[in-house]
Amino acid sequence: MALRQIITIGDPRLREKARKVVNFGPELGQLIDDMIETMRAAPGVGLAAPQIAVSERVIVVEVPKDEEDAEAGTLLFEMVNPEIVKMNREVVEEDEGCLSIPGYVGAVPRATMIVVRGQDRFGRPQRVRAYDYLARVFQHEIDHLDGILFIDRVTSPDKIREVKRGEELEGETAEAAAALSA
Ligand code: ZN
């Protein structure tokens, strides 16, 4: 496994539409392992291949099983060619950050429930029904595959705020910055 470099906003590769994966060989497994390692090191709760300058439709997501209980461990998802096949009409606006836009968060409206269909690293079909926070992370990552960033999804520019990483932050902003960097 190897850490990959996360590219940041301004790099045109973040704006490309990623290619569908057709080869499910060992190279794909290596890519996914590297993405998991890079996401954990960042640290973040999700990563899409375009964020490490690989134009392929691959995402990884890892969220706490129980946000109140750190001991409960995490849920890890790897999804190749993910597609949202169902989406709740109910939308909630919450803060999001992005590993490719360090130092900023924005309040982004997202569907509260989605069903995602895709494949695992061996090409086997996968289907995930995700609610709330997990649904938000999936939507954020799948957007990356189409060159869409959270700053494109905010309803107005004043919903984007600067946060200083590593410094003390007040209440909600600190939680948001720490909680959702994807
Ligand atoms: Zn992101």
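The legends below accompany an overview and several close-up views of a predicted model.

**Figure 1. Overview of the chain and its order of elements.** The chain of this predicted model contains four helices and eight strands, and from the N terminus on these elements follow one another as α-β-β-β-β-β-β-β-α-α-β-α. The chain is as compact as a globular protein of its length, because its radius of gyration of 15 Å is close to the 16 Å that the globule rule gives for 182 residues. Along the principal axes, the C-alpha trace extends over about 45 × 35 × 35 Å. Of the 182 residues in the chain, 47% are buried, and among the contacts with a separation of 6 or more, 68% are made by residues 24 or more positions apart.

Figure 2. The mean pLDDT of the chain is 92, with 91% of the residues reaching 70 or more. A stretch to be read with care is residues 167–174, where pLDDT stays under 50 and for which the model has six contacts beyond four places in sequence.

Figure 3. V61 belongs to strand 2, which covers residues 58–64. With a relative accessible area of 1%, V61 counts as buried, because that value falls under the 20% cut-off. When residues up to four places away in sequence are set aside, V61 is in contact with M39, V45, G46, L75, L76, F77, L134, V137, F138 and E141. For orientation in this view, R127 is 66 residues from V61 along the chain, and the C-alpha atoms of V61 and R127 are separated by 14 Å.

**Figure 4. Close-up of the peptide bond between A42 and P43.** Most peptide bonds are trans. The bond that joins A42 and P43, however, is cis, with an omega of about -10°. P43 is located in the loop that runs between helix 1 (26–41) and strand 1 (46–48).

Figure 5. Most residues other than glycine have a negative phi. A53 is not a glycine, yet its phi is positive at about 65°; A53 sits in the loop between strand 1 and strand 2, and with a relative accessibility of 33% it counts as partly exposed. D132, also a residue other than glycine, has a positive phi near 50°. D132 is placed in helix 2, which comprises residues 132–145, and D132 is exposed, because its relative accessible area of 52% is over the 50% cut-off.

Figure 6. Apart from residues up to four places away in sequence, N88 touches A111, T112 and M113.

Figure 7. R153 is part of helix 3, which takes in residues 150–153, and it is partly exposed, with a relative accessible area of 36%. Beyond residues up to four places away in sequence, R153 makes contact with V108, P109, R110, D143 and I148. Between R153 and D143, which stand 10 residues apart along the chain, the C-alpha atoms are separated by 9.7 Å.

Figure 8. Leaving aside neighbours within four places in sequence, the residues in contact with I160 are Y104, V105, G106, I151 and V154. As a further point of orientation, V45 is 115 residues from I160 along the chain, and the C-alpha atoms of I160 and V45 are separated by 20 Å.

Note on methods
Residues are numbered from 1 along each chain as its sequence is written. This is a predicted model: local features need pLDDT of at least 70, side-chain atom pairs count only at pLDDT 80 or more; totals for chains, interfaces and linings use all residues. Side-chain values use heavy atoms; hydrogens and water are left out. Helices (H or I, at least four residues) and strands (E, at least two) are DSSP runs, numbered from the N terminus. The radius of gyration is taken over C-alpha atoms; the globule rule is 2.2 Å times the number of residues to the power 0.38. Buried means under 20% relative accessible area, exposed over 50%, partly exposed in between (1.4 Å probe, protein chains only). Contact means heavy atoms within 4.5 Å. pLDDT is the predictor's confidence in each residue, from 0 to 100.
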